[in-house]
Amino acid sequence: MTDPPPAAADQTAEPTTPTPERTPEMAITIGAMTAEIRANNIAKGWRSAEGGPGGNTLGDYIALLETEVSEALEAYRDWKLEDATKPICGKAAATGRPCPEHGPSKPEGVGSELADVLIRLLDTGDVFGFEIFGRDFELGDVADLFPARSDVDLPELVSFGDHMAWLTRRIDFIWTSPTNAPMALRALVTVARRYGIDLEFEYTRKMEYNRARPYRHGGRALVETGA
Ligand SMILES: [Zn+2]
């Protein structure tokens, strides 16, 4: 039922794409996610192998995280909570899996955008050397954050946009102090649960897609994560 392992890569070629050391049935720890993201970002040329933020500031990373949250809101405006992923070909449509010939379909929708928030959030902590959450925890271990208790100055969150604004605020607090990072992850997990999004599934699918993307030769300024 799983695809055969890919053929050994040509060592003279561009950096090889790391593959996950787990089956889709296994829950993944936050530490393992962070390591996967780092390996792929380096392999794709989206991040310097030397580590550190290079010429980018924490504010750059925060702004890009907030962009991802905005993309989740845009996805909601376009598709509500529908999975808007279009299968790359008939085979991908039939199996729901990446096609051996054409690769993975591009994930689209709120779930995919929230996965981008997760990926960039873990990458931000890794690049700047602070912990987003305990490495041995899985997403299922992350407790909900109740906005009525954590953000008593806000009105009750009602709409999807309210929740995205709250998530943005929780992410923004990381800029003031990285000790706010676990609360930001909890807010992300809370929003995903609230809207019935399986964040681990979305993470896995998005990373599968990101691994299949080509190596970047130059390109956009600011930090890439494939988002
Ligand atoms: Zn195909």
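Analyst: A term to start with: a crossing is called left-handed if the near helix is turned anticlockwise from the far one by less than a right angle, and right-handed if clockwise. This is a predicted model, in which local features need pLDDT of at least 70 and side-chain atom pairs count only at pLDDT 80 or more, while totals for chains, interfaces and linings use all residues. Residues are numbered from 1 along each chain as its sequence is written.

User: So which hand is the crossing of α6 and α7?
Analyst: The crossing of α6 and α7 is left-handed. On the α6 side the contact (C-beta atoms, placed from the backbone, within 7 Å) is made by residues including W166, L167 and F173, and on the α7 side by residues including M183, L188 and V191.

User: And at what angle do the axes of α6 and α7 cross?
Analyst: Helix α6 (residues 160-176) and helix α7 (residues 181-194) have axes, which are lines fitted to C-alpha atoms over the stretch in contact with angles running from 0 to 180 degrees between N-to-C directions, that come within 8 Å and cross at roughly 165°. The two helices are therefore roughly antiparallel, a label for angles over 145 degrees.

User: Switching topic, where is K80, and is it buried or exposed?
Analyst: K80 lies in the loop between α2 (58-79) and α3 (90-95), and K80 counts as exposed because it has 12 C-beta neighbours inside 10 Å, where exposed means 12 or fewer and buried 20 or more.

User: What is phi of K80?
Analyst: Phi of K80 is near 50°, a positive value in a residue other than glycine.

Note on methods: Helix = DSSP H or I, 4+ residues; strand = E, 2+ residues; numbered from the N terminus. Parallel < 35°, antiparallel > 145°, perpendicular 65-115°, else oblique. Contact = placed C-beta atoms within 7 Å.
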